[in-house]
Amino acid sequence: MKISPTALAFALLAARSTPTRAFSNAAATANFLARSTIASSSSCPTSSTSTARAMSTVEAATTSNPLLESSDLPKFTKIEPSQLTPAMTSVLEKLEADFVAMESSMSELEGKELAYDDVLPVVEKMQHPLGYAWGIASHLNGVKNGDELRAAYEENQPKIVQASMKFSQSKPLYDALVKVQKSWEGETKEDDFVMKQKKRAVENSLRGMTLGGVGLEEGSPEQIRFKEIKMRFAELSTAFSNNVLDATKAFGLEVTDPKSVEGVPESAKAMWAQAHQQHLIKEAGGDEDKKKEIEGAEVDPNAGPWRLTLDGPSYIAAMQHIPNRVVRKEIYMGYLTRASEFTAEKLEKKDGEEEKKGPGKNNVPIINEMLKLRKEMSGLLGFKNYAEMSLASKMAPDVDSVTKLSELILEKSLPAAEKELAAATDLAREVGGEEYSAANLPKLMPWDTSFWVERLKEKTFDLKEEELRPYFALDAVLEGMFGLIERIFGIEVRAANGKVEVWHADVQFFELYDKESGKHVASFYLDPYSRPADKRGGAWMADCLGKSEALNIDIPVAYLTCNGSPPVGDKPSLMTFREVETLFHETGHGLQHMLTKATVGDVAGINGVEWDAVELPSQFMENWCYDKPTVYGFAKHYETGEALPEEMFEKLKQQKTFGAGMMSCRQLLFGMMDMELHGNYDPDGDETIFDVQRRMSKEYTPYANPVDEDRFLCGFSHIFAGGYSAGYYSYKWAEVMSADAFGAFEEAGLDNEDGVREVGRKFRDTVLSLGGGVDPMSVFKQFRGREPSPEALLRHNGLA
């Protein structure tokens, strides 16, 4: 998924059966201004006198505020929500002074020559303190959310948006960049990589500023309205994200009847029993004696009670394994109605009257307003609709190209999906009893599908997911994944826990070293487990520090965040195979950020990479979860150390394409529904957003139309609280490239270590190294020698 302005978004299980993995969490303005508007950070020639007062304010605050110590990794144990507003006040005060001086200086240089180093590197330095502090706040808002931090975040977000707009709409800055770009015209020698980076950074910045409204006349009604829309967007997207989190946290279903969990995997029952105990502890409030009594009580996974929640591990386990249709339906409807009119009133009453002053807890009006504003904003910039505006900065040339790719894949996927559902339905009729007879149930309901597809998979392959989990302990999976990274990329990953401060005891820290030179090249934090109380759902990668010559940052640092199964009792985290894939996916994003050779901050790592190409390395990494040397590098029983039986591995490989038709159709639906909402849909017309959902479902998933109460869109954070608006198709677009890229390893022979190593180094030297410094099609052609073909994707999914 994507990242803060170079990567936002988040969700819940990417590319699988629910919204999905993303690139970075909901901090739409996290790395603040932009690698999407202007480069990355900021400052320009300023006089010492013009900023002296601002400098003294920041220096004084720095002594006591860790958010202002931007020269090192965050001091998480010292950061408090109360520090955010003072930090923002100090940084914004200096930024404003620097910005005024920059514009004045650039205006004075009119008619004179300007070099690249006089513009973007200066801007990058100027913006860095704010990007650093706000990036930390955005990260903590996703992984350690609380009332105090949320309030401080919402208080300061409008100020950040205002600061961003000043840069994106600065005519002197735009003119300076145009001047720099024109100075390169007529050059005949071939560009080296450094010059390519600079040209891409300037090109991206000019395009970002154009999309940011720089062409609107200063003080005009159009510019004023554009700014109002951008400010409102920030408020609405944050409210949307908070509403989803709050509705997810508020739901809990207590199950006491053992028959309702009959046949459910032991790990799921243990998770739910532990969740029930934790809920009782929370309900005890300040009664310490009561808490101790509850904590001391033995938790029996087989006796219950069990508390089922809507966080990823719990929800998926319930939908796949709970035999009781009534319970499944309640969980399903709870998930599908989050943050809608069905949950809003209860949450608003809980929060009190003051909360109602904001956008409210119902995401339906928020979505409607966002769609209207996006349409209006794109019109102000001269686009037909928001979809056209979105594609102006992506690989896909137009909506028609996206539609054609979707239709090509749908042609192969839909027949397969219908067969898959028919087989699951036949099994339900055969062994499910009278309630699944055709007379009582003409077709499986949405809360039945996952359950019976899972039963069909177990029957087809004689393998249950629970049988695999003991072989996928987190520490072992990490060890095996790091072994793969060393084998194909020549990078050693070393644990470095204790070297840095972290925001939670679960968080681990790692350092990457180049095997050949021994040089420390990057680091990353890993936050692996679900924490429903204060952590947003989904999985994402975000940048902590990006590589930048201007900022003298040579060691990029990433955040990798998952919501995997936590340890239960004395058992370590035993992952589902899907969680293993998710970890590999997010690590792929991280590798592109960390192994970049680009030194221009605005195009280093994932910065500057077109949104529909950024999923290439992440989806590429998932393929290795079916590679035998890779799997046997981690698939060991957590108690005995015994390797995964060969028979189980072969069945695991065979399962790869199981359900691929329905999975593909679902992703195509999400992508094209997103495009329709931001393209042809008229938010002022008679058709509702849910009418659009039903209409698109008839085309892409006609075998599974949504129920009347379906409010999936109210939780579709990718497109309403992240960076995937009119861009969710990017998963399929990039999957074409990622499958084709892995095809290069298949052609070399996956059992040919020398061949795999050679292709791996080439992948590192192109896809992972060049970042946004070279356009993605050129990068792919450097690696593959040609443009991407969808053949590998269809073959990998068993749809060729």
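Q: How many helices and strands does the secondary structure of the protein contain?
A: The model is a prediction, and its elements are counted from the assigned secondary structure. For the protein, that assignment comes to 30 helices and 7 strands.

Q: What radius of gyration does the protein have, and how does the globule rule bear on it?
A: The C-alpha atoms fill a box of roughly 85 × 65 × 55 Å along the principal axes. For 800 residues the globule rule gives 28 Å, and the value for the protein is close to this, so the protein is as compact as a globular protein of that length. The radius of gyration itself is 26 Å.

Q: What percentage of the residues in the protein is buried?
A: A residue counts as buried when its relative accessible area is under 20%. Of the 800 residues in the protein, the share that is buried is 61%.

Q: Among contacts between residues at least 6 apart in sequence, what percentage joins residues at least 24 apart?
A: Contact here means heavy atoms within 4.5 Å. Of the contacts in the protein that link residues at least 6 apart in sequence, the part joining residues at least 24 apart is 75%.

Q: Are helices H16 and H27 roughly parallel or roughly perpendicular to each other?
A: Helix H16 spans residues 399-431 and helix H27 spans residues 730-748; their axes come within 10 Å and cross at roughly 70°. Angles of 65 to 115 degrees count as roughly perpendicular. H16 and H27 are therefore roughly perpendicular.

Q: What is the handedness of the crossing of H16 and H27, and which residues of H27 take part in the contact?
A: The crossing of H16 and H27 is left-handed. From H16, the residues involved are Ser-401, Val-402, Leu-405 and Ile-409. By class, this contact has 5 nonpolar, 1 polar and 1 charged residues. The residues that H27 contributes are Lys-732, Trp-733 and Val-736.

Q: What is the orientation of H11 to H17?
A: The axes of helix H11 (residues 312-321) and helix H17 (residues 446-461) come within 6 Å and cross at roughly 70°. That angle makes the orientation of H11 to H17 roughly perpendicular.

Q: Which residues of H11 meet H17, and what classes does the contact have?
A: On the H17 side, the contact involves Trp-447, Ser-450, Phe-451, Glu-454, Arg-455 and Glu-458. On the H11 side, the residues are Met-319, Gln-320 and His-321. By class, the contact of H11 with H17 has 3 nonpolar, 3 polar and 3 charged residues.

Q: Is Thr-343 buried or exposed, and which residues is Thr-343 in contact with?
A: Thr-343 lies in the loop between helix H12 (325-336) and helix H13 (344-351). Its relative accessible area is 19%, and the cut-off for buried is under 20%, so Thr-343 is buried. Leaving aside neighbours within four places in sequence, Thr-343 is in contact with Ala-247, Thr-337 and Arg-338.

Q: What distance separates the C-alpha atoms of Ala-598 and Lys-547?
A: Ala-598 is placed in the loop between helix H20 (577-594) and helix H21 (616-622), and with a relative accessible area of 0% Ala-598 is buried. Not counting residues up to four places away in sequence, Ala-598 touches Phe-193, Gln-197, Lys-547, Val-603, Ala-604, Ser-769 and Leu-770. Lys-547 is 51 residues from Ala-598 along the chain, and the C-alpha separation is 7.5 Å.

Q: How far apart in space are His-585 and Ala-539, C-alpha to C-alpha?
A: His-585 belongs to helix H20 and counts as buried at 1% relative accessibility. In sequence, His-585 and Ala-539 are 46 residues apart, while C-alpha to C-alpha they are separated by 9.2 Å.

Q: Where is Pro-305, and what is the omega of the peptide bond from Gly-304 to Pro-305?
A: Pro-305 is placed in the loop between helix H10 (288-296) and strand E2 (306-308).

Q: What is the phi of Ala-339, and what is the phi of Ala-726?
A: Ala-339 lies in the loop between H12 and H13 and is buried, with a relative accessible area of 0%. Ala-726 is found in the loop between helix H26 (717-720) and H27, and Ala-726 is buried, with a relative accessible area of 0%. Ala-339 is not a glycine, yet its phi is positive, at about 55°. Ala-726, a residue other than glycine, has a positive phi near 50°.

Conventions
Residues are numbered from 1 along each chain as its sequence is written. This is a predicted model: local features need pLDDT of at least 70, side-chain atom pairs count only at pLDDT 80 or more; totals for chains, interfaces and linings use all residues. Side-chain values use heavy atoms; hydrogens and water are left out. Axes are lines fitted to C-alpha atoms, for helices over the stretch in contact, and angles run from 0 to 180 degrees between N-to-C directions. Helices (H or I, at least four residues) and strands (E, at least two) are DSSP runs, numbered from the N terminus. Angles under 35 degrees count as roughly parallel, over 145 as roughly antiparallel, 65 to 115 as roughly perpendicular and the rest as oblique. A crossing is left-handed if the near helix is turned anticlockwise from the far one by less than a right angle, and right-handed if clockwise. Ala, Val, Leu, Ile, Met, Phe, Trp, Tyr, Cys and Pro count as nonpolar, Asp, Glu, Lys and Arg as charged, and the others, Gly among them, as polar. The radius of gyration is taken over C-alpha atoms; the globule rule is 2.2 Å times the number of residues to the power 0.38. Buried means under 20% relative accessible area, exposed over 50%, partly exposed in between (1.4 Å probe, protein chains only).
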